[in-house]
Every structure is written in C-alpha cells, then in structure tokens.
Amino acid sequence: MSRIDHDGPLIIGGGLAGLSAALEAAPRRTLVVTPAPLLQACASAWAQGGVAAALSASDAPALHAADTEAAGAGLVEPAAARLLTADGRATVEWLAALGAPFDRDAAGGFAVSLEAAHSRARVARVGGDGAGRAILSALVAAARAAPHIEVWEDGRLRGLIQDASGRVRGAVIDRDGRRVEVLAPAVVLATGGAGGLYAHTTTPASLLGEGMALAWRAGAEILDPEFVQFHPTAMDVGLDPMPLATEALRGEGARLIDREGRLLLGEAAGADLQSRDVVARAVHAARAAGLGAFLDARTAVGAAFPRQFPAVFAACMRAGLDPRQSPIPVAAAAHYHMGGIAAGPDGRTTLEGLFAVGECAATGVHGANRLASNSLLEAAAFGRRTGRAAGQARSAAGPVYAPDPPPEPAPDLAPEALARLRRVMSAEAGVVRDAAGLGRALAVIDDLEARTPGAAPLAAARLIVGSALARRESRGGHWRRDFPAAAPEARHTRLRAPVPALAG
C-alpha cells in the first residue's frame, strides 16, 4: 500500500457539498476524491426542485427558519436553522455568480416557486425542474478551473486513518486497482446519503451510507439515523432508480388521485402540499389498498409540460407515457436521509480532523422531516463554511495508527446480497414500520453480515433499522404502525461505536 502526504483538505465526494467545500478551501491545496466522474452518481445532480431561500419582498429568513422547524417535528436545532436560512440569499447569489442559470422574473430577480410545507414561494429553480444538474455543472466548471483543486475521479473510500488519540489523519482510498493511504490535516466526508440501501429509491443506487458507516466505525457520533424521507411522487415506471416527479408539479396545481380519479388527500386547496411524510403515507396507503396512486397534471400543467418541466416530461416520454394526456403512476420511494454523522454548520464532527457535510451529515437543520429544497441550500451554504474551516486545519504530529494491527478496509457486498438487503429495507424499514418488520430486517442484516463481515452498507442499514426499532413513537419521516402517536418529548438518537483497543 502506498502513502501520500497531502498538505490540505482531503474531500471525499464531488457533489454540491463537496465541491462547495473545495472551492471555499482556497488557497489551500485541496484533493477531491470521487468514485465516478463529476456530475455522475451524486444525488445533487438529480435534484429537480431548486434552492430554498428567502428571496422575495414578502419573505424573510425568520419565516424560512420557522417553516424548517415546523417540518422537522420537534427535532430541528433552532440555531442551526436560523444560521442556514440567514445564509440563503448570499448562497443563491454565490451560485449564480459561479454561473448557475437560475430562472429570473420580469424585473431580473430570482423567480421563486411554492413547494410543500413552505408558507411562501421561495424555491429558486433552473429551467423548471433542472436545478441540480445546472447548479452542479457550474460548480464542476469552477472546480476544474481552480488551481488549488486536484480531482481524482476514480477513487473510492475504504476507511479512515486515525492516530492513538482517535484523531482522523487521513483515509484509505482504492484507486485504479491500487490501495492508497492519503494523509491529510482534514478529511471532509461529502459522501451523500443512503437511498441505495432501498429497492425503491430516487437517488443513485451507489449511495449506500458508506461514509456514515465508516465514520461510525471510527467512533464518530451518529445522529438520528432512523429518519429517512420518502418522496411521495417517484415515478413507478419499472426503472431503478425511480425517476422523480418534482414537488413543484403539485405547487403548480397537480393533484394526487387513485385509479378511479378520487383525490388521495381531499378537496381542500393545498391538501397535496402537506409535509412529505403525510403525502407519502397517503400514496403508500392507496397502493397498499390496491387503488394505485397517480399524479394528475393534465389540467394544471397540460400542454406547457415540455417547457415548464422538461426533465419530468422527458422521463415520462422515455417510459412511453405522455403526462399531458395521462396521469403519472407514482410510489413513495427513499429520497433523502435526514440522519447521519453528527456535525456542526462548519462540518466539524465529534472526531478531531473529521468533517462531514451534505446528506451524509446531520447538522440539526432537517430534524425528523426535511423541508423541501432545503438540501441544496444546506449543501452549498454549509459546504462553504466547511471548506473554510477545513482549509484552516493543520497537520498533526506523531504515529498514525491507533489499533494494532490497523483495521481491515471494508469489503464489498456481492450483488445478490445487496439486492436482498435493498428488498428487505424497502419492505420493512420504509414508509410504514413496525417491530415485527424491523426485526425481520435485522435478521437479514445479521445473516448477510455473517457472510460478509464489516461491509459498510450493512453497518449503515443496521444503524437505520436498529434506531427505528428503538424509537417507539411516530415522528416526521419515521412512522410506526404499532406506535402511531408521537412521544410527549422529542428526543434525538445519538450513537457511538465502541472505541477500538489502542496499541500499547
């Protein structure tokens, strides 16, 4: 195994969070490691809605923070939400200055749209439903042009390197068939979420919660891993991952119906724009009852579909469905992980030398249920803060490894084992959960772990399922059939792995 000493931040992940951090780490030399070419296999490139921020005269960061807290069902950290929403306008303007082509209104300001659980129209979009790819494309161009950034587009994280104090000193990377130890004064995990653990997901299937699992293995605190957000309008057209029908369609007046044309959430205006957990359960219940679930945009969008929502329209047409003429079949699918590595707004975790940002991090701004389009804002705003903090880190001295011998890098799951894991996660740790189903999921994880000890996706799945079993209430995105009421007091789940025995 070769070793490289890198005098600057080592960032694992090339999505919006990772590249925002890399750009703001200047002038420190920054190494970005990603397992696939930039713009591929990262969820931020797939985001359709946009960036939530208080951009209109009728809005304010305090109103945005209040909506964020309300959606989070008692587990949002108010200070973190206030900090995030206060950064909103500056973040959108920074992205625009980098070349993100946000839609504009007649006066030249940012055009904003309404999404679920927002009290104001505040989502800045690009080309109707192309925000993620357009924004990330601008950052990719900026990163490639930045002289302080080097990008490895063929590197996969296998483990973290620590010294005897537990400080993170670097990472083990597989690259082009070789294993490399990269030592760095700061390691930033921007590895994305865990949607790929589910058979029904809207995210890249390669996102398996491995960053969270490896941070937990190193002793970092994990916060609220049971909270997974299920998007209610994943397109059920036989594809894996499932294409997303953006929430902005419902913001324009599209309605959820069953196969008989009955409204799933009732006649009231705005009924389909309730928080995502409520809408996802309605879609799940209709499908479980054999009634099917469909998003009907024929009247609300109709002939304007190709212009207003080109990405959704193209996905429908590829599947042989014209949304101008037929309702879109939908299902609730894993979409976003609210839990993850406990981290502050500047990415600092409970392990010195380790930072986390983006979906793999849990900063307290999403609580039990993420407010729509806050994720791109968090990735960029807290990514910038994390880059500045990581750029100030200095190398530690002394021996590197704490355990003797050092831990083995995490192995891969065989394809058939991963498929089995994904099936049981969707069936038993999905929109509606109970003790019996979660127990069945743990039994499958136990069996798979006996065959492939140390596989990171299994550790990530165990964190989610075990915490869901321990949370004997329903709150936000976590719904227990056997405990449908919320507990009187909202409490976080905080998990730490046992610290490995130290050498000597």
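In what order do the three strands of the open sheet stand, and is their pairing parallel or antiparallel? In this predicted model, the order is β4-β6-β5, and the pairing is antiparallel. The edges are taken by β4 (51-52) and β5 (112-113), each with a single partner strand, so one side of each has no neighbour in the sheet. Between β4 and β6 (residues 123-124) there are two bridges, and Ala52 sits opposite Val123 of β6.

Along the principal axes, the C-alpha atoms fill a box of roughly 70 × 55 × 45 Å. Of the 504 residues, 60% count as buried. The accessible surface comes to about 18500 Å², and carbon and sulfur atoms account for 54% of that. As for charge, there are 51 positive and 51 negative ones, and their mean positions are 0 Å apart.

Strands of a sheet pair through backbone hydrogen bonds, and they can do so in a parallel or an antiparallel way. Both kinds turn up here. Strand β8 (residues 155-162) has seven of its eight residues buried, so the rest of the structure largely encloses it. Seven bridges tie β8 to β9 in the antiparallel sense, with Gly155 partnered by Arg175 of β9. These two strands make a hairpin with five residues between them, where Gly166 takes a positive phi near 95 degrees.

From there, β9 (residues 168-175) goes on to pair with β10, again antiparallel, over six bridges. This hairpin has two residues between its strands, and Asp176 in the turn shows a positive phi of about 55 degrees. Strand β10 (residues 178-183) is also joined to β1 (residues 2-5), this time in parallel, through four bridges. Glu181 of β10 is a handy landmark: it is the bridge partner of Val172 and also of Arg3.

A few spots in the backbone deserve a look of their own. Most residues other than glycine have a negative phi, and most peptide bonds are trans. Leu39, in the loop between β3 and β4, has a positive phi near 85 degrees; it is buried, with a relative accessible area of 18%. Ser373 also has a positive phi, about 65 degrees, and lies in the loop between β19 (361-362) and α11 (374-391). Ser373 is buried too, at a relative accessible area of 6%.

Then there are the cis peptide bonds. One joins Ala26 and Pro27, with omega at about 5 degrees, and Pro27 belongs to the loop between α1 (16-24) and β3 (30-33). Another joins Asp240 and Pro241, with omega at about 0 degrees. Pro241 is found in the loop between β13 (228-235) and α7 (248-251). Leaving aside neighbours within four places in sequence, Pro241 is in contact with several residues, including Trp46, Thr202 and Pro204. The C-alpha atoms of Pro241 and Gly196 are separated by 8.4 Å, while the two residues are 45 apart along the chain.

Conventions
Residues are numbered from 1 along each chain as its sequence is written. This is a predicted model: local features need pLDDT of at least 70, side-chain atom pairs count only at pLDDT 80 or more; totals for chains, interfaces and linings use all residues. Side-chain values use heavy atoms; hydrogens and water are left out. Two strands pair if DSSP finds at least two bridges between them. Buried means under 20% relative accessible area, exposed over 50%, partly exposed in between (1.4 Å probe, protein chains only). Accessible areas come from the Shrake-Rupley method with a 1.4 Å probe; for residues, only the protein chains shown count as cover. Lys and Arg count as positive and Asp and Glu as negative; His and the chain ends are not counted. The place of a charge is taken as NZ of Lys, CZ of Arg, CG of Asp or CD of Glu. Contact means heavy atoms within 4.5 Å.
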